[in-house]
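Here's a quick walk through this model, starting with its charged pairs and moving on to its core. Keep the structure open as you read.

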Amino acid sequence: MKNVMNFVLAMLCFFTFNVVVNAAVKENPVIQEIISEKEKTDKEKLTVKTEELDTDGGSEKINYYYKSNELKKIVDIFDTSNVVDADFTEETEYYLKNGKVYFIHIKEMYTKYDLESVTEDTVKEKKYYFDFKGKLVRYVDENGKIHENDSEMKKAYEDFKGSVSNKLKKYLKN
């Protein structure tokens, strides 16, 4: 009898998990399409063109990923590891389809150290999801909180337009 109860309990948990997962998938098909397209791009064999720049206080490496002549992804790595007591690296990934950005992942890594060891290691990430018409549909902040159609998402979009958007325009000219 105990085995039957364990089996029933396991099946109930499995069924509940499937219902929750399927509800999440059905909840926002645009996000699922963006994630699927991103995963597809990450699996593709792409040709890379690299540009390296020296900037004030660091260096910048920009990788352009192409499939045939279509730009599919840009990775911009800005590094200030030449600083005496701290390193800062910002890595921004832009995913494109038909010349439009649909996903941006910004990862900031900050390492502070004294003479003998690392004293602080911080990683902050932000994610921007755009529908395939260019409208921001989801923003994930540094704390991992998801924003959809709220004031935080609108503020993030305004910040994005001012900083990241200008960088992206520069990249798309290359």
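## Charged pairs

Glu37 and Lys97 make a salt bridge, with 3.4 Å between the closest N and O atoms (a salt bridge is a side-chain nitrogen of Lys or Arg within 4 Å of a carboxyl oxygen of Asp or Glu). The two sit 60 residues apart, Glu37 in helix α2 (residues 29-43) and Lys97 in strand β4. Glu37 is buried at 8% relative accessibility, while Lys97 is partly exposed at 27% (buried is under 20% relative accessible area, exposed over 50%, partly exposed in between, with a 1.4 Å probe and protein chains only).

Helix α2 also supplies Asp42, 31 residues from Lys73 in strand β3; these two form a salt bridge as well, again with closest N and O atoms 3.4 Å apart. Shared partners tie Lys38, Asp42, Lys73 and Glu93 into one network.

## About the model

This is a predicted model: local features need pLDDT of at least 70, side-chain atom pairs need 80 or more, and totals for chains, interfaces and linings use all residues. Residues are numbered from 1 along each chain as its sequence is written, and side-chain values use heavy atoms, leaving out hydrogens and water.

## The core

The largest nonpolar core has 18 residues, and Ile74, Ile104, Tyr128 and Phe130 have the most contacts inside it (such a core is a set of buried Ala, Val, Leu, Ile, Met, Phe, Trp, Tyr and Cys residues joined through side-chain atoms within 4.5 Å; contact means heavy atoms within 4.5 Å). Phe130 touches residues including Ile34, Ile104 and Phe160.

Definitions and conventions: Helix = DSSP H or I, 4+ residues; strand = E, 2+ residues; numbered from the N terminus. Lists of a residue's contacts leave out its neighbours within four places in sequence.
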